[in-house]
Amino acid sequence: CIAYNRDLSWISKIQVNQPAVLRRAEQIQARRTVKKEWQAAWLLKAVTFIDLTTLSGDDTPSNIQRLCYKAKYPIREDLLKALNMHDKDITTAAVCVYPARVCDAVKALKAAGCSIPVASVATGFPAGQTHLKTRLEEIRLAVEDGATEIDVVINRSLVLTGQWEALYDEIRQFRKACGEAHLKTILATGELGSLTNVYKASMIAMMAGSDFIKTSTGKETVNATFPVAIVMLRAIRDFFWKTGNKVGFKPAGGIRSAKDSLAWLSLVKEELGDEWLKPELFRIGASTLLSDIERQIYHHVTGRYAAYHDLPMS
């Protein structure tokens with residue numbers, strides 16, 4: 001599946017035009033959002049792209065169970081009926097948890113009678129600073145426990161010091177350890193130093209066999225931003241033109257409002273086209289976004305905003 005020469009010297013010649021990227025990002029942020037019925041439809045579509053996530057130190061089997069229930073029933077039934085969407089089986093795209101909680105998520109989803117994928121972070125998330133042997137074993141254990149998607153983090157030092165072959169080799173090993181599971185590679189773009197490095201790391205991750213490239217862990221100081229997204233989406237497009245392989249995109253970290261989700265859908269539609277607007281090629285990593293989307297749909301249906309207790313997490 002790799003259509004490139006193993007010699008990666010060409011990577012050092014890549015340069016990103018930062019002023020042009022920033023201008024494009026400003027255009028996106030200045031654009032008016034869709035309204036009324038169109039907005040409700042887009043928001044329901046956004047729900048189907050969410051990797052509903054909990055990555056907290058106090059995660060327990062019970063809150064994983066609540067998360068999984070919410071993943072299966074993301075929008076209140078009466079609201080879906082009012083929109084005539086109650087029979088469309090709208091769920092989130094996946095549930096994303098720590099490796100130690102994969103068993104809990106698999107068990108809860110099985111009990112709920114649904115086949116939503118379980119994604120696990122791995123490889124020393126969020127810093128990626130553990131020994132390679134430990135990181136690979138973490139992937140294998142998560143897959144054994146039932147995770148069908150693995151969100152790995154790269155070793156940022158390999159990017160910052162220009163060790164592109166080492167980065168490629170490492171991600172190839174991640175790919176092998178995943179087996180049949182999908183590999184989503186987190187670049188932690190806020191810690192890569194430049195947009196040029198973001199493009200280079202994106203290309204290496206795709207060449208090494210990643211099914212998705214993801215902006216952030218959500219734990220960095222700077223997470224998903226539009227300039228970074230534009231660079232990653234252009235890398236995905238370039239890779240597709242050169243190889244014919246479609247790689248998915250996942251922004252994560254700081255995406256909390258319904259309005260934000262609409263901007264991300266619009267960006268992907270404009271940069272990559274409608275064929276990327278499906279869960280197989282686009283995800284949004286989020287923990288609180290779903291609550292605001294449901295709140296906006298409640299407002300669309302009833303004409304007023306919900307009280308906190310009207311829309312519980314589960």
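A residue counts as buried under 20% relative accessible area and as exposed over 50%. This is a predicted model. In it, Asn84 has a relative accessible area of 52%, so Asn84 is exposed. Asn84 is found in the loop between helix H4 (77–82) and strand E2. Its phi is near 60°, a positive value in a residue other than glycine.

## The sheet

The model has an open sheet of eight strands. Their order is E7-E6-E5-E4-E3-E2-E1-E8, and the pairing is parallel. Strands E7 (248–250) and E8 (284–286) stand at the edges. Each has a single partner strand, so one side of each lacks a neighbour in the sheet. On average, neighbouring strands are turned by 25° against each other, direction ignored.

Strands of a sheet pair through backbone hydrogen bonds, either parallel or antiparallel.

## Strand E2 and its partners

Strand E2 covers residues 94–97. Strand E1 (residues 50–53) pairs with E2 in the parallel sense, over three bridges. Three bridges also join E2 to E3, and these two strands run parallel. Cys96 takes part on both sides. Thr53 stands opposite Cys96, and in E3 the bridge partner of Cys96 is Ala119.

In a regular strand the side chains alternate between the two faces of the sheet. Both faces of E2 are covered. Ala94 and Cys96 are buried on one side, and Val95 and Val97 are buried on the other. Helix H5 (residues 102–111) lies across E2 and strand E3 (118–122). H5 runs at about 175° to E3.

Thr123 has a positive phi of about 60°, although it is not a glycine. With a relative accessible area of 0%, Thr123 is buried.

Pro126 is found in the loop between E3 and helix H6 (132–144) as well. A cis peptide bond joins Phe125 and Pro126, with omega about 0°.

## Packing of H2 and H12

Two packed helices are described by the angle between their axes and the distance between the axes. Helix H2 (residues 36–47) and helix H12 (residues 289–302) pack at an angle of about 150°. Their axes are 10 Å apart. That angle makes H2 roughly antiparallel to H12, because angles over 145 degrees count as roughly antiparallel. The crossing of H2 and H12 is left-handed.

Which residues of H2 meet H12? They are Lys36, Glu37, Ala40, Leu43, Leu44, Ala46 and Val47. From H12 come Leu290, Ile293, Gln296, Ile297 and His300. By class, the contact of H2 with H12 has eight nonpolar, two polar and two charged residues.

Is Glu220 buried or exposed? Its relative accessibility is 6%, so Glu220 counts as buried. Glu220 lies in the loop between strand E6 (212–214) and H10. Leaving aside neighbours within four places in sequence, Glu220 is in contact with Arg156, Ala188 and Glu191.

Phe239 is found in helix H10 (residues 226–243). At 2% relative accessibility, Phe239 counts as buried. Met207 is 32 residues from Phe239 along the chain. The C-alpha atoms of Phe239 and Met207 are separated by 8.3 Å.

Notes:
Residues numbered from 1 in each chain as written. Predicted model: local features only at pLDDT ≥ 70, side-chain atom pairs only at ≥ 80, totals over all residues. Heavy atoms only, no water. Axes fitted to C-alpha atoms, helices over the stretch in contact; angles between N-to-C directions. Helix = DSSP H or I, 4+ residues; strand = E, 2+ residues; numbered from the N terminus. Parallel < 35°, antiparallel > 145°, perpendicular 65-115°, else oblique. Left-handed = near helix turned anticlockwise from the far one by under 90°. Contact = heavy atoms within 4.5 Å. Nonpolar A, V, L, I, M, F, W, Y, C, P; charged D, E, K, R; others polar. Pairing = 2+ DSSP bridges. Buried < 20%, exposed > 50% of the residue type's maximum accessible area, 1.4 Å probe, protein only.
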